[in-house]
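Trainee: I would like to learn how to read a few features of a structure I have not seen before. Please show it, and we can go through them in turn.

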Amino acid sequence: MATIKDFRTNNRPTWCPGCGDYAVLSSLQKACADLGLAPEEVVLVSGIGCSGKISQHFGSYGFHSLHGRALPTATGVKLANQDLTVIAAGGDGDGYGIGMGHFVHAVRRNIDLTYIVMDNHIYGLTTGQLSPTSERGFKSKTSPQGSAEEPVKAVETAIVNGASFVAQAFSGDVKQMARLFEEAIRHRGFALVNCFSPCVTFNKVNTYDWFKETLVNLDEREDYDPTDREGALRLLHETKGVVTGVLYKQERPVFHEEMIGASEVATAKVDLRLKEEDAQALLQSYR
């Protein structure tokens, strides 16, 4: 059986010391090991930005996609081989900015994959610009007078448009994060885990201390019903979205089972290996 070590690589992460993405990586490694998955059964598709590096440091099949394209790539992987555990990962800028259109459609189709978003409320890789989830009034390089925009309410968008599993985690609580990843991966359908992953270098507002003082943890509320859609939306409004735990879940048919001919596609035996002469010709074309 695979262990956490099997999901590690020799590539050392280069995130800033204290970056919340370290916790996301370690939690995902633990979740996959605890689920009894083997590295060759998992595909991690990442987007652009600091968070996009996660596929380089996770010991499974990986694909580092283009701006905002993690979800369509992950969708293709899942439809091509439905036996794989497919995970997409990226940041709030990548997923809720340029990738927002793909996000909504993956949600409504209920693609059977897990989407992990490292939400730090800022563009970290490009050194601190306003992001889609930055609060109104947030000052940055691109909003020195304070943001005039309302932040994207991505979690509410997911619930309204049909996501069948929606949760939020915090990098300061690795135990809860790993458990939420496990639940999301086990879930059949589109599972979103929005992770508050503080940027310690460029975001001096939404810090670890700020989250610890502000967060509402649903693990401490026994009366909360995650099957109540209206209740989930009401809670997000009341807490301004700063809440962790499983917010909403439901069971509904997954996309590939609804597709006509999906069973034939899944069982087709197609040899996708590239012939040696074709591989050499392809290499020559890039020289």
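Trainee: In which helix is E183 found?

Mentor: This is a predicted model, and in it E183 is found in helix α6.

Trainee: Does E183 count as buried or exposed?

Mentor: The cut-off for buried is under 20% relative accessible area. E183 has 19% relative accessibility, so E183 counts as buried.

Trainee: Which residues is E183 in contact with, leaving aside its neighbours within four places in sequence?

Mentor: With that exclusion, E183 is in contact with F165 and V246. As for distance in space, the C-alpha atoms of E183 and V193 are 9.9 Å apart, and the two residues are 10 apart in sequence.

Trainee: How are two packed helices described?

Mentor: The description uses the angle between their axes and the distance between the axes. Here, take helix α1, residues 21–34, and helix α6, residues 174–186: their axes come within 8 Å and cross at roughly 50°.

Trainee: Which residues make the contact of α1 and α6?

Mentor: From α1, the contact is made by A23, V24, S26, S27, L28, K30, A31, C32 and D34. From α6, V174, M177, A178, F181, E182 and I185 take part. The residues of this contact divide into 10 nonpolar, two polar and three charged.

Trainee: Now another helix. Which residues of helix α4 are buried?

Mentor: Helix α4 covers residues 100–109, and M100, F103, A106 and V107 are buried in this helix. To see where they point, look down the axis of α4: the buried residues fall within an arc of 125°, so they line one face of the helix.

Trainee: What covers the buried residues of α4?

Mentor: The cover includes the helices α2 (70–80), α3 (92–98) and α5 (154–160), together with the strands β4 (114–119) and β6 (191–196).

Trainee: Which residue takes a positive phi just after α4?

Mentor: That residue is N110, with a phi of about 60°.

Notes: Residues are numbered from 1 along each chain as its sequence is written. This is a predicted model: local features need pLDDT of at least 70, side-chain atom pairs count only at pLDDT 80 or more; totals for chains, interfaces and linings use all residues. Side-chain values use heavy atoms; hydrogens and water are left out. Axes are lines fitted to C-alpha atoms, for helices over the stretch in contact, and angles run from 0 to 180 degrees between N-to-C directions. Helices (H or I, at least four residues) and strands (E, at least two) are DSSP runs, numbered from the N terminus. Contact means heavy atoms within 4.5 Å. Ala, Val, Leu, Ile, Met, Phe, Trp, Tyr, Cys and Pro count as nonpolar, Asp, Glu, Lys and Arg as charged, and the others, Gly among them, as polar. Buried means under 20% relative accessible area, exposed over 50%, partly exposed in between (1.4 Å probe, protein chains only). The arc is that of the directions from the helix axis to the C-beta atoms.
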